[in-house]
Amino acid sequence: MTTAPQRRPLSITPAGIMGTMLVAAVVLVCLRLGFWQLARLDERRALNSGIAARLDAPPIDDVSALSDTAGLFYRIITATGLYDNARSIIFPGRSRRGLPGVYLLTPLRVSGRNDAVLVNRGWVPSADAATVDIDAFARIEPVTVSGLLLPFPDSTRSLAPGERVRDDGGFRRVWYAVDERELRSQFPYELLPATIQQLPDSLLPASAAPAEAETASRFPAPLEPPPLSQGPHLGYALQWFSFALIGIIGWLALVLQGRSPRRSAPPAVIAALLLLSSAEPALAQLRPLEGLNWRVFDEDVRFVATVGTGVLWSQPAPLAGTEGRLLEIGNYGLAFRSGRIAVEASGTAVWRLREDAITHAPAAGVRAAPDGVRQDVGVAMASASLRLSPSSWPADVVVRFGATIPTTSDESGLDRDRTDVFALVGARYRTGGLSLTLENGVGINGTLAAEYPQSDVWTYAYGAGYDFGLVRAAVGFVGRQDGHSWIVRGNEDLRELRVGFDAGGRYWLGVRYIRGLSEHSPDHGVRIAFGFAASG
């Protein structure tokens, strides 16, 4: 007669106490950030409610009220005067229904006043998304303008004098980035501290609709009012709460497994972790996030180092609006493990893009490349990984948290000057010479869009390999997407297929062929790396 195995008593050790305190701290921080995002959601809803009330308020018909704009933004305003057509300015790189174009802004000189109000007359098509014939849209007769009152445009960065796209007798026509002081200084009169965005007639009250059309043609096309969205705060809150849940489930799995007489993985825990790993969408930029270096979690390995180089053809640089051959100089990776915890740092020392084609206008703040070459430091990544599964489990299960530190500025056009964070759950299963890996997770990206400062995207990495002894074949599929029907510039969806091999033992040579599978991925590329693994 056999007796059921007894559970081992729960033991309290210094390491266990420290681990519990660490997990508790992480969970509490994630919960606090989740509730903070819910508070921001309430603030956004209150702000939207106030804006909606202003949109429904009676139109303003006295421009002198703009001397103090407190409480007036997002109100409908009507003004009559003469356009100063010669001093129209252009905001380039504005698309509409997939077509390139610009916004045309013209000062309106109101009768009896010595100042003017800047009017955003709407969208005009432009083949290069930067220049139009402003004379074609000149209005010499008095006009009545009705639209939405918005803050004066501004930016924290302006173009250097050498970056000016067009200069008409000292008057800058095209503004990729607006410096309010510099913009005002080129007008011989004061500009009021607000702008009027013309709206389609269908959105104007009957009392505010102008008597005549903007032009005989359909351009400039009046713009829709800014959407009153609730923003991404609810999604961020759910993400932070999911991170806290991952930490709780992972720690409970370790505690319960330590008390269990069986040395196998609880199926419910594995199912929960895999479900959480694919529950939310994370992260995209010029190059996709590199997957975890799983070799560091081999039983006989404590330290892994790699160094190499790569070249990618037809690599898009969305911020620069170009594509070409990207040379990766000094790809590196360092990973160190102590027990269940591994820390990793990786990245590229220098990116060098030789431009072959222009795809669209550059983003605000991006410098031109007179010699057709763009160069900057590449993205650096730092992460910490915690292995949740003991060595006796048939699969390694880890959680991975980290951040990517991008290029030094937006000026090179090779990446965003933003720091992104990510959290991933991964698993590796090995049997014989076969190895299967996966990673799924969430991330928060910074963007260059003032109206959409953060972007959530889903990141993934799937791989398979077979060890033939001194040669190991590998195939991988990496990428990320945000699920939007629109494109957040600098955060485009990416997908790549990677096929190659590693030759050697403790020291090895690795070669990977890369095939891009999305619009913003390279056509193809090759990477070569030398690696070294050391035991503890």
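Predicted model: local features only at pLDDT ≥ 70, side-chain atom pairs only at ≥ 80, totals over all residues.
Which residue lies over the face of Tyr189? Arg109 does, at 4.1 Å from the ring centre.

A second case of a charge over a ring involves Arg295 and Trp508. The charged end of Arg295 sits 3.7 Å from the centre of the Trp508 ring.

Rings also pair with one another. A pair of aromatic rings is described by the distance of the centres and the angle of the planes. Searching the whole structure gives 9 aromatic pairs. Two of them are listed here.

| Pair | Centre to centre | Angle between planes | Arrangement |
|---|---|---|---|
| Phe35 and Phe241 | 5.2 Å | 70 degrees | edge-to-face |
| Trp458 and Tyr460 | 4.6 Å | 45 degrees | tilted |

The pair of Phe35 and Phe241 links distant parts of the chain, as its members are 206 residues apart. Phe35 belongs to helix α1 (residues 14–56), and Phe241 belongs to helix α3 (residues 233–259). Phe35 counts as exposed because its relative accessibility is 52%, over the cut-off of 50%. Phe241 has 23% relative accessibility and therefore counts as partly exposed.

The pair of Trp458 and Tyr460 is tilted. Tyr460 counts as buried because its value is 5%, under the cut-off of 20%. Both residues belong to one aromatic cluster, which also includes Tyr462 and Phe477.

Definitions and conventions:
Residues numbered from 1 in each chain as written. Heavy atoms only, no water. Phe/Tyr/Trp six-rings, centres within 6.5 Å; stacked < 30°, edge-to-face > 60°. Helix = DSSP H or I, 4+ residues; strand = E, 2+ residues; numbered from the N terminus. Buried < 20%, exposed > 50% of the residue type's maximum accessible area, 1.4 Å probe, protein only. Lys NZ or Arg CZ within 6 Å of the ring centre and 35° of its normal.
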